[in-house]
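Open the model in your viewer and keep the selection panel at hand. This tour goes stop by stop: what to select, then what is there.

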Amino acid sequence: MPDFLLINLILLLMVTLTGIAAVRARNLLGATMLMSIYSFLMALVWTNMDSIDVAFTEAAVGAGVSTVLLIGALVHVGSEEKPTKSIHWPAMIATVATAAALLYGTVDMPRFGDAHSPANANPVSVGYIQQDVDKVPDASGHHAQRPRPHGDYFHGHVPNFVTAVIVSYRAYDTMYETTVIFLAGMSMILFLRRRKDAP
Amino acid sequence: MIRDNLPVLLIVIPLLAGLVAPFMRRGTAAWAWVALVSWLVLAAAVALLQQVLAAPDPIRYPMGSWKAPWSIELRVDALNGFVALIVSSIGAIVTFAARASVEREISADRQHIFWGVWMLCIGGLLGITLTGDAFNVYVMLEIASISMYALIAMGRDRDRRALPATINYVMLGSIGACFILLGIGYLYMVTGTLNMVDMAERLQALQARWAAGDLAYRRTVLAGYGFLMAGFAIKLALFPLHGWMPNAYTYAPSAVSALLSATATKVGAYIAFRFMFTILGTTFCFRTMRSGEVLVVCGVLATLAGSYFAIRQNNVKRLLAYSSVGQIGYIAIGLGLGNAAGLQGSIIHLFNHAMMKSGLFLAVAAVVLRTGGADLRNLRGIGRRMPLTAAAILAGGLALIGMPFTAGFVSKWYLVAGALQQNAFVPALAVIGGSLLAAVYVWRLVETAYVQDPQPGTDVGREPLSIVLPAWLLIGAAIYVGVDANMTSALSEAAVRALGVLP
Amino acid sequence: MKDQMILRVGMKMMIPFILVYGLYVIFHGDLSPGGGFQGGVVIAAAFILYAMIYGRDEMHKVLPRGLSDALVAIGVLIFAGTGTYGLLAGYRFLDYTPLKPSEPGGAEAWGMSLVEYGVGFTVSMVMVTAYNEITEPAPDERKTS
Amino acid sequence: MDIAGHYNFWVAIAIMMIGLYPVIAKPNLVKKVIGLGIFQTGLFLFYISMGKIDGGTAPVHFPPAARHPQNYTNPIPTALILTGIVVAVATMAVALALVVNIKRAYGTIEMDEVEEIDHRDDQR
C-alpha cells in the first residue's frame, strides 16, 4: 500500500500546516479562508481513507456552510484580531497535558488499518456489512420470523452500508442529529432575527 | 400498547411537542401546550418507574426492533427511572410556574420559540437518562447543551452579561463534550461496540485478561476513562471545572436557572454513575484507577470552596449557584466513597438538591418579578411584604443546611454514615463543615429578608402566587422526604442494587 | 453584486443544476454516498447563491420566511412521524415494517427514503435560515446594551 | 508499539491540540470558534482512523463483490462522525450567533476587553 501511505502522509502534512496557519493568521478573513482550505484537504484525507460519506459532508459543511457562516459573522464583527502576547503558558500546559494523556492511550491501540482489531472484526460492524441482522419479536408477535432465511435483510435495496446504519439501525441517533440542526436554526432565530420579522 | 412503549414515549412526546411549540405564534399558547405536555411526561415517568420496580430485570427497548448490539436500545433500571422521575417532575412543576417570570424577562416576540427550545431541553435530558447506548449519550448531551445555550443566552434581554456567560459555557461545554466523545472513541476502539451492556461485558473480559497478566489495550482503556470522567466533571460542574456555572445561572432568566440547576447537573452526575458502575465496573474505577480518592478530594474541596464563595456573594442567584457547587460536592463525595451508604446518600441528594434548589430559584424568580433584581438588597424586607416567598426561602435554606426533619439531613446522614464505615473522617467532617458554612449564607438571606427594612419608596405589590405556590410544592416535597424518608431511601436502595453494589 | 452581468446570467444557469444535483444526492442516499444531510446542504447552497447574487429580498419572494421556518420543523416531523407511525401501527418506534408489511426489507428501504427526505428539508432550510440571520444587518430599533 | 502502526492517531492528536490551544489561549472569540472547529475535525480524523482497513474499499456494496468485512471500511465510525459533523456545525452556528450579539452589545469580540467592561460596570 505504498501509494495510500504516500498520499496520506502528504495530505496529513498539508492539513496540519494549514491548521497551524489558520490558527496563527492575524487577519480573521484570512483565517476563515485557511479554514475552508483546511476542510477541503480534510475531505481529501477522508476520501483517501475510504470514508466517502464523511468526505462529502465535510466538503459541503466544513468548506461550504461553515465558511459562509464565518464570513457572515465577520461582516458584523470586523476581521482584525487584536495582537496578543506570544505564548499563553496555562493554555500551553493544558494542551500539552491533554496531548500526553491522549498519546499515553495510543500506545496500546490496535494498529492503524488492522482488519482484525476489536472494532473492525466485531460482530456489530460485520453485521452492518452483511446486513444480516434480525429484528426482535415484540409483544404482538411481529418479526417472529425473518423475511428471508439467510443473508441480506434489505434484499439488496440498500447497498450503502453507512446509509443503512444511520437511517435504519441507528436512526434514533440521526433523528436527534436532525433535532440538533433544528435547534441550531431556532437559536439563530432567537439570537439574530429582527423584532418585526419574527414568525 | 402504551405500557410496552413507555420508555420511548417519555422521549418522543417532548420531541414532538417541542417541534410544534415554536409555531403557536403566541407565547401563552406555547406555554400552555408545553406545560400540558410536561405533566403528561411526568405521568409517563411515574408509570415507567412503577413498571421498572415491579420488573425483575431492567426494561430494554430496542429502537426499530433491531437486535440489541446493532440497534440503539433504551435501558431503564431503578436508577434511570428515578432520575427520569426527578427530571420530569422538576420539568412539570417549573414549566407550570415559569410563565409569569418568562413573560417579564423575555421579549414577547421570542417566547414561543423559547418554549419550544425549553421542551426540547427537557426531552434531551430525559434522553441522556434513559439511553443504553454510549454514543447516543453524546448526541443527547448535545441536544441538551445546545438548547441550554439558547435558554441561558435569553437572559440578555435583561442583562447583556448573559452573552459572555453563555459563550464561556459554549466553549467549555464543547470541550467537555469532545472529551466525552474521545473517551467513548477509546472505549469503542477496544470493544468494538457502543451498546452499554455489550461494552461492559467486553470490558469485563478484558479485565480478566489483565488479571491473568496479559495487559492488552490497558492503557487505551485507562486514557479513555480519564477523558470520560474529565468530560462528565465539566458537565457536572465539579469543583475545579465549575467555571461556567456561576455566571450562567446568575444571568440566565430566573425560570431557566430553576430548571437547569435542578436537572442538568443531576443528569451529568447520573451518567457518571452509569459509566463508572455499569460499564467499567467498581474494580476498575476504585482499584485500578483510584478515582474514589480523586472524587472524594474534589468533593471535599467543592463543598468547602463552593460554600465559602457563596458566603461572599451579593447576588442571590450567584449565591445559590455557588451553593450548587458545594452541593454537587456532596454528590461527588458519596460517589467517591463507593460503598452502599455513600451511594445511597448521593442518589438521595440528587433528588433532594433538585427539589430544594429549584424551589429556591423559583422563590428568587418571584422576588425578581416583583422587585426587578436579584441582588441581596432586593431581598430587604421581603419577610413582611412577600411573606410566603420569604418563608419559602427560609424553608429551602434550612433544607440546604441539612437541619433535622428536612431533606438535606437525610442525605447527609447517609453520607456521614458511608464515610465513617470506611474510617474516612475528612469527608465526614467536610459534610458537617459544609453545613456550617451553608448556615452562614442562608443566614445572610434570612437576615436580609426578615430583619432589614425594605428600601423606601418601592412598592412590590401582591405576591405572584403562580410562582410561589409551585416553589412551595417543591420545597414542601423537600421537607416531606426529610420527615418521611421511606420513599427516597427505598428508591435509592433499589437504584444502588441496580448498580450492582448491593446484592 | 446585483450589477455583475456575468454572475447573474451564469448563476441563473447554474442554480437549476445545483438543485437537481442536491435532489439526486438525497434520492440516491441509499445507493451511493450521500443522503439527506449532504443533499440538503447542496440545495441550501443553491438558495444561498441566489440570495448572494440577486439579494435577499428576491430570495424571500421565492422562499418566504414563513415557509422556510415551517419546513425546518416539518422535516424533523417527517422523521419523527415515520418513527411514530411504526409505534401507532403496533410495532416499535422507528420500525419501518408497517410501511409495507408484505416485504419487510422493502419497507425498510421505503422508511429510509422518507426519513432522508425529512432530513433534507430540515438541513437545507436551517442552512438557508442561518445564512439569512447571520447576514441580517444590525437592528437600529433595538439596542441590546 | 510501532511508529508505522500509529502515526495516523498521532497526527489526529496533533491536529486536536492545534485546535485546543487557541480555544483556551486566544481572547478573540472568532479565533476560539475556529480553534474549536479544528479540534473537532481532529477528533473526527481520530474516529475515521480506527475504521480504516488495509486493502478495504468504501463501504458501498456492488453485487459481485463478497460482503466480507475485510473488504470494506468499518461503517460505524463513518456513521458516528456524520452525526459528529452535524453537531459541530450546529455548535459553530450557535457560537457565531452569540459572537455577533456580543459585538453588538459590547462593541468588541476580545474576551479580555468584554470582561474589563463588565468589571468596570460592577465598580460603578
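Select chain C. Buried residues make up 50% of its 145 residues. A residue counts as buried if 20 or more other C-beta atoms lie within 10 Å of its own, as exposed if 12 or fewer do, and as partly exposed in between, with C-beta atoms placed from the backbone.

This is a predicted model: local features need pLDDT of at least 70, side-chain atom pairs count only at pLDDT 80 or more, and totals for chains, interfaces and linings use all residues. Residues are numbered from 1 along each chain as its sequence is written, while chains are lettered from A and ligands numbered from 1 in the order in which they are written.

Stay on chain C and switch to cartoon. Chain C has five helices and zero strands. Helices (H or I, at least four residues) and strands (E, at least two) are DSSP runs, numbered from the N terminus. Along the sequence the pattern reads α-α-α-α-α.

Next, show chains A and D together. Here 73 residues of chain D are in contact with 77 residues of chain A. Contact means that the C-beta atoms of two residues, placed from the backbone, lie within 7 Å. On the chain D side, α1 (3-25), α2 (29-51) and α3 (75-106) each supply at least two residues. Which helix gives the most to this side of chain D? Select α3(D): it gives 22 residues.

Colour that side by class. It divides into 48 nonpolar, 18 polar and seven charged residues. Ala, Val, Leu, Ile, Met, Phe, Trp, Tyr, Cys and Pro count as nonpolar, Asp, Glu, Lys and Arg as charged, and the others, Gly among them, as polar.

Last stop: B:I113, in helix α4 of chain B. B:I113 is buried because 27 other C-beta atoms lie within 10 Å. Leaving aside neighbours within four places in sequence, B:I113 is in contact with A:M186, A:I189, A:L190 and B:P22.
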